[in-house]
Amino acid sequence: MSAVPDEPRLLDAGEAALVVEFGSTVDPAISDRVLALDDALGADPPEGLRERVPTYRSLMLHYDPLVLDRAALVERVRALAAGTTERTTNTTLWTLPCCYAAPHGEDISQVAERTGLSPDAVVATHAGATYRVYMYGFAPGFAYLGGLPEVLAVPRRASPRPPHPANAVVIGGGLAAVATVPMPTGWYVIGATPARLYAPERDPSFFVGAGDLIRFEPVDAATFDALSAREAAGEPVARRWESRT
Amino acid sequence: MTALVIEAAGPGITLQDGGRHGYLRYGITAAGPMDPLMQATANRAAGNPLDATAIEISTGGVTLSAEGGAIGLALVAPGFRVALDGAALPDRVALTLEPGRTLVVRAGEAGAWGYLAVSGRIAVAPVLGSTATHTRSGLGGLDGRGLSAGDRLPVDEARSGDGAPHRLVTPWLDRDPRVIRVVLGPQDDYFAADQIAAFLAGPWTISPRGDRMACFLDGKPLTHAKGHDIVSDGVAMGAIQVPGNGLPIVLMADRQSTGGYPKIATVIGPDLGRLAQARGGARIAFRQVTVAEAVAERRAEGDVLRKPVARKPVVRTDFASDFLLGLNLVGGVADGRA
């Protein structure tokens, strides 16, 4: 664990975005600071603040500099960052059904080979962990998850594999992810969830936020199909649990 | 129903409004125009809100007609060749497209992007609050894709223009493409002072392989002082990342929301369009400005767009180069080869 500085670094990304940087590594303590500031600004956003983008280690604030003066934004950020070091919202835990079996867990045997675990142990290890949503990025609804057990920390592929289907559950480079949109990937596809973390036509289009926790619950292929049908009919299959921090 | 019909379209012609804002935190790219000032100018001239849905025209070119009624149009495409039923028009023009007539916009001697705004509203359904097309994720516009021959764009509350075509007077779009202004950072501390100086001085050559996602620069590679991998953080439009090969990449409208290379500088908002309009082979350099200077520039841009766009009757000298080129074609090229 690296130390988390008290004062974030403020870095300009042009005249309409400010990066509030709490560290340079992937670290739950840094992420907590990022998300605490994100919560605080979200609860009472200054006029002219257009977007807040939490990442592993920083919060990027896109703003309209003709409405919100940089100095005013900086003052607000400094005050909030000093006074808010813990998240103010409840922690939400989601249970996502996940089918690791064929045809969904396409790359499980490759992961087994690279880790020395049996395919069943790969599944049990992945499904036994609790993950934290660090951030979204890369593609619509692509959720980067921390908390992958060390034994599953396989490096990403040197070159991408062919496109995976929507809502693939993937691991690579010491992280886990849910890859909502089909695309070629350097990650390993070990399963799929019938839950759609991203559905542009649905309201809300996204329901899992940065900072939320996720567990995967193994289901067989027949159950996956049944749950997919329910999800498609508008009945969410992800289950939500909430606890006060 | 009144509609704009796409008779022919090259690659890269898309519908864009002001962009899909508010979802970057979920990995949704804003998209929106490559040249925001030019798109806003076209909308202003058409009497629309500045961020209304317009057609972004690439060098692939587009041919259009009207169906069901006349449609007033404002076309702003400096450097492109424009013709109505074969008769040349200025590259910035307000006109009324009547059914049965054909408007052709093709790449000319300059310019990478042009904008066609409709007096009325291009009626496509917004996705996540916006009609901006992001083809990589299949969002917005017409089924998330570029326009192609046979597409019909319904136009609500279509207004026809006032008679003969008029030239639009937009001197603020005559921008010098050779110097692009930047604010240093957010990761300029990944580079030594001499590398920052080398980055600013260039010169950099715009690579022809750019698109709506990124503008690639060729030149003498930069070196990193602290490695070329960072833990991913947010990416603004105009962010200039320097990957391992040392050649800068400017991230444009269709960029991903986050990225893992150090960003040496960020192109200021008012200069994004200037850069976007530079074609492959163009040479550029960068100039460092302060945030305050960039904001002042933005304010000046806003002031320009508050005024109506002046119109002048079309005169022959407005498209002299087209005429000359036409004469050249008629001249003795064949004789020369014989």
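1. On confidence, chain A comes out with a mean pLDDT of 92, and 96% of its residues reach 70 or more. Going element by element in chain A, helix 4 (residues 119-127) has the highest mean pLDDT, at 98, while strand 12 (residues 239-243) has the lowest, at 84. As a reminder, where pLDDT is low, the predicted coordinates should not be read in detail.

2. Now the overall form of chain B. Its radius of gyration is 21 Å, which agrees with the value near 20 Å that a compact globule of 338 residues would have. The C-alpha trace of chain B spans about 60 × 55 × 40 Å along its principal axes.

3. Inside chain B, 50% of the 338 residues count as buried. If you take the chain B contacts between residues at least 6 apart in sequence, 78% of them join residues at least 24 apart.

4. Then there's the contact between the chains: 38 residues come from chain A and 33 residues from chain B. On the chain A side, strand 1 (9-12), strand 2 (17-21), strand 3 (49-54), strand 4 (58-63) and strand 6 (131-136) each supply at least two residues. Strand 3 of chain A gives the largest share of that side, with five residues. By residue type, the side of chain A that touches chain B divides into 22 nonpolar, nine polar and seven charged residues.

Technical notes: Residues are numbered from 1 along each chain as its sequence is written. Chains are lettered from A and ligands numbered from 1 in the order in which they are written. This is a predicted model: local features need pLDDT of at least 70, side-chain atom pairs count only at pLDDT 80 or more; totals for chains, interfaces and linings use all residues. Two residues are in contact if their C-beta atoms, placed from the backbone, lie within 7 Å. Helices (H or I, at least four residues) and strands (E, at least two) are DSSP runs, numbered from the N terminus. Ala, Val, Leu, Ile, Met, Phe, Trp, Tyr, Cys and Pro count as nonpolar, Asp, Glu, Lys and Arg as charged, and the others, Gly among them, as polar. The radius of gyration is taken over C-alpha atoms; the globule rule is 2.2 Å times the number of residues to the power 0.38. A residue is buried if 20 or more other C-beta atoms lie within 10 Å of its own, exposed if 12 or fewer, and partly exposed in between; C-beta atoms are placed from the backbone. pLDDT is the predictor's confidence in each residue, from 0 to 100.
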